[in-house]
Protein chains: 2
Amino acid sequence: MTIAIEKQYESLTEEGAVLYAKELNFFPPDAELECREIGDGNLNYVFYIKELSGDKSLIIKQALPYAKVVGESWPLTLKRAAIEANALKKHAEFAAGLVPTVYAIDEVLAITVMEDLSHLKIAREGLIELESYPNLSKHIGKYLAQTLFHTSDFGLHPFEKKKLVSEFSNPELCKITEDLIFTDPFFDKETNDFEPLLREAVKAIWNNGTLKLEVAKLKNSFMTEAEALLHGDLHTGSIFASETETKVIDPEFAFYGPIGFDVGLFLANLIVQTVTRENDKRVVILNHIQQTWEIFSSEFSELWKTSSHPFKDTEGYKEYILDKIFSDTLGFAGCELIRRTIGLAHVKDLDSIEDDNQRINFKKQTLQIGEALILKRYEICSIDEVFGLLERFRK
Amino acid sequence: MTIAIEKQYESLTEEGAVLYAKELNFFPPDAELECREIGDGNLNYVFYIKELSGDKSLIIKQALPYAKVVGESWPLTLKRAAIEANALKKHAEFAAGLVPTVYAIDEVLAITVMEDLSHLKIAREGLIELESYPNLSKHIGKYLAQTLFHTSDFGLHPFEKKKLVSEFSNPELCKITEDLIFTDPFFDKETNDFEPLLREAVKAIWNNGTLKLEVAKLKNSFMTEAEALLHGDLHTGSIFASETETKVIDPEFAFYGPIGFDVGLFLANLIVQTVTRENDKRVVILNHIQQTWEIFSSEFSELWKTSSHPFKDTEGYKEYILDKIFSDTLGFAGCELIRRTIGLAHVKDLDSIEDDNQRINFKKQTLQIGEALILKRYEICSIDEVFGLLERFRK
């Protein structure tokens, strides 16, 4: 007879994290380990654990059963830890080297043990500091093409795809996106957070029926179109980078959704940088935008040749799919720009600008660009036309 | 200590079905029961069980672990029995009286015990015999509006909807549709089955790149757009009817898909009747087509008012959703018309016509109508325009 003691969730301490790490047989048995909790404590603990005499290190990430936002605390499913870990593993099958390696998963404790990336910097921070990431768009374009193609109906047998759709059902985290990206910013909701000087611009958005209709369509697309296994939150704060390396982290919002959502979120966060930068520094970002789409679409097209989809050779079908992804990308980018300016979750790129006039001016631009991308997403046919649009709103 | 003996699947005999029925406490304990297997034996056993002295009767439907088609036998998941029974129960929540009542479900034996509907006739048979079903389109329009609205994002909380999406994941049965409706008829596949006199028309379809591109888009919509819990196979052979009653049966293909697929399949099967009928008898069917869409769209619009979807009052959004359903409906109807003429599964409406010239002429018409519906689905804006199209191809 075995007495089964059911393991229960409890949050780790630094000491607990060290004990946990020792049991993994990752470090030599006699290694002395140092541990620091380096997360922001809002959603997860992130324990950095390293040998005192040696080079080996790892990260133990533990989901907390609540989210702390604007001082409030609300319950949040622990299942997101498994979603995140499994998405990292699934995406690593196709984009190895562009995501952290997962060493172990513990669903009960909501723990993922993974590669330590602390030699890298969060891309958003680096971009704000005008650091150079010459490989950023090349890597992200490749990451997007590989992960999205290979998890779509063009890269998978329908049985395998539908299995993944169920496995990555992620209602709670999707609801956060549905509310905070697609709904609240377009209505007078208390989650919104904007500066008084933007009130007129914000009210114009709330009263813009044409815009809201297009956002409703984009939200519908987000909620119904199970095209590929998305990262689900691919902003520049979800990317670790250096001059040579790029690693996409934190896919806890992963689910089956429209491909353009991942592409659009990344581009929107680059577009914010085109607003805040000048001259050569700005051109670097424009090039990243161009290159992201070029690499994504050319690599997606290459992968298309390997597809066993029965209509893959039907003339115009690949172009139709890429056109749909492009217009979706612009629309979702527009929603992201608006919600990052007036919604609950802002970006440091804008909020850290101290000069009030400049900051407000930039925020008005991100709102205008966002609106134009949503409304003109079917008219705009190339990244050059996106650049034309960006020019028009520069002051 | 309990010794658990795992129950295993075995197919029922008539004697077994009677024993099974007795255990349900549906009949009086001393009732003598008669039993007949009335299924076609290709996919399921259907046992009709009735009191010898009394009025009570029921149906025990058992899924078989294989499908027999064109003499071949291939394995087919038993899970479809649970999908079917659960879809019946879910749809009954919103369209009570329009689906058979489910009395019991046995997942291990793949059995559904349900209401006996043997006083009704399969609508396809009745329509072929020119029987009158004055309530058919009113009931089906209502069934479509109620089941599809209430299982969509407009009728459900996103958590509940996503739970149902996973519960009704139905890869094996979807694959049959993906192959037999959206792929095989448009390529030279051995599953196709058409008369030699149609060969030229069929080859024209296989060589029509424009058509194939549109079919590829419709297939993509079928495979990605989780809009509502569909019946999944709503042809006139899935409907029991009389002058007063209508019951939708056999939702083993149920899954979350595009709303227009259910509407389109039903309309396509009515369109076949507009091809084979003349004069007043034909007008009856045209009226059914008109009424199905009218009842569906007006009831859907009424239900829309009850929605708690945040964009429900955004001007133009309901119209956008209904327009999308309409064009999807036409496209899916077109695919159904083509596959029912040249694909694996034919309809008796056409195949039972003995005069060779007439039959071939009708089949050419269903192919032409199907093709036109697919190609012109975004141009056609009303049922009247559909009627215009039907007229054009009459000979």
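**Note on the predicted two-chain model**

1. Asp233(A) sits in the loop that runs between strand 9 (228-230) and strand 10 (239-241) of chain A. The model is a predicted one. Asp233(A) is buried but takes part in no salt bridge. Its nearest side chain of opposite charge belongs to Arg339(A), 4.2 Å away, whereas a salt bridge needs the nitrogen and oxygen within 4 Å. With neighbours within four places in sequence left aside, the contacts of Asp233(A) are Ser238(A), Phe253(A), Asp262(A), Leu265(A), Arg339(A) and Arg340(A).

2. Chain A as a whole contains 14 helices and 12 strands. Its radius of gyration is 21 Å, close to the 21 Å that the globule rule gives for 395 residues, so chain A is as compact as a globular protein of that length. The C-alpha trace of chain A spans about 70 × 55 × 40 Å along its principal axes. Of the 395 residues in chain A, 60% are buried. Chain A exposes about 16,500 Å², and carbon and sulfur atoms supply 50% of that area.

3. Contacts in chain A can also be sorted by separation in sequence. Among those between residues at least 6 apart, 70% join residues at least 24 apart.

4. Strand 7 (residues 111-115) of chain A has 5 of its 5 residues buried, so this strand is largely enclosed by the rest of the structure. Strand 7 of chain A pairs in the antiparallel sense with strand 3 (residues 57-63) of chain A over 5 bridges, and Gln62(A) stands opposite Ile111(A) there. Strand 7 of chain A also pairs in the antiparallel sense with strand 6 (residues 102-106) of chain A, over 4 bridges. The hairpin of strands 6 and 7 of chain A has 4 residues between the strands, and Ala110(A) takes a positive phi near 55 degrees in it.

5. Chain B has an open sheet of 3 strands, in the order 8-10-11, with antiparallel pairing. Strand 8 (121-122) and strand 11 (246-248) of chain B are the edge strands, each pairing on one side only. Strand 8 and strand 10 (residues 239-241) of chain B are joined over 2 bridges. Ile122(B) has Phe240(B) in strand 10 of chain B as its bridge partner.

6. Val215(B) belongs to helix 8 (residues 209-224) of chain B. Val215(B) counts as buried because its relative accessibility is 0%. Beyond its neighbours within four places in sequence, Val215(B) is in contact with Phe182(B), Phe186(B), Cys335(B) and Ile374(B), and with Phe311(A).

7. Over all chains, the count of salt bridges comes to 56. One of them is between the side chains of Lys162(B) and Glu178(A), at 2.8 Å from N to O. Lys162(B) lies in helix 5 (residues 158-167) of chain B and Glu178(A) in helix 6 (residues 171-180) of chain A, so the pair joins two chains. Lys162(B) is buried at a relative accessible area of 11%, and Glu178(A) is buried at 1%.

8. Another salt bridge joins Glu195(B) and Lys363(B), at 2.7 Å from N to O. This pair links distant parts of the chain, 168 residues apart: Glu195(B) is in the loop between helix 6 (171-180) and helix 7 (199-206) of chain B, and Lys363(B) is in helix 13 (residues 356-375) of chain B. Glu195(B) is buried, with a relative accessible area of 17%, and Lys363(B) is buried, with 1%. In chain A, a network of salt bridges links Glu195(A), Asp351(A), Asp356(A), Arg359(A) and Lys363(A).

Technical notes: Residues numbered from 1 in each chain as written. Chains lettered and ligands numbered in written order. Predicted model: local features only at pLDDT ≥ 70, side-chain atom pairs only at ≥ 80, totals over all residues. Heavy atoms only, no water. Pairing = 2+ DSSP bridges. Buried < 20%, exposed > 50% of the residue type's maximum accessible area, 1.4 Å probe, protein only. Lys, Arg positive; Asp, Glu negative; His and termini not counted. Contact = heavy atoms within 4.5 Å. Rg over C-alpha atoms; globule rule 2.2 N^0.38 Å. Areas by Shrake-Rupley, 256 points an atom, 1.4 Å probe, with all protein chains shown as cover.
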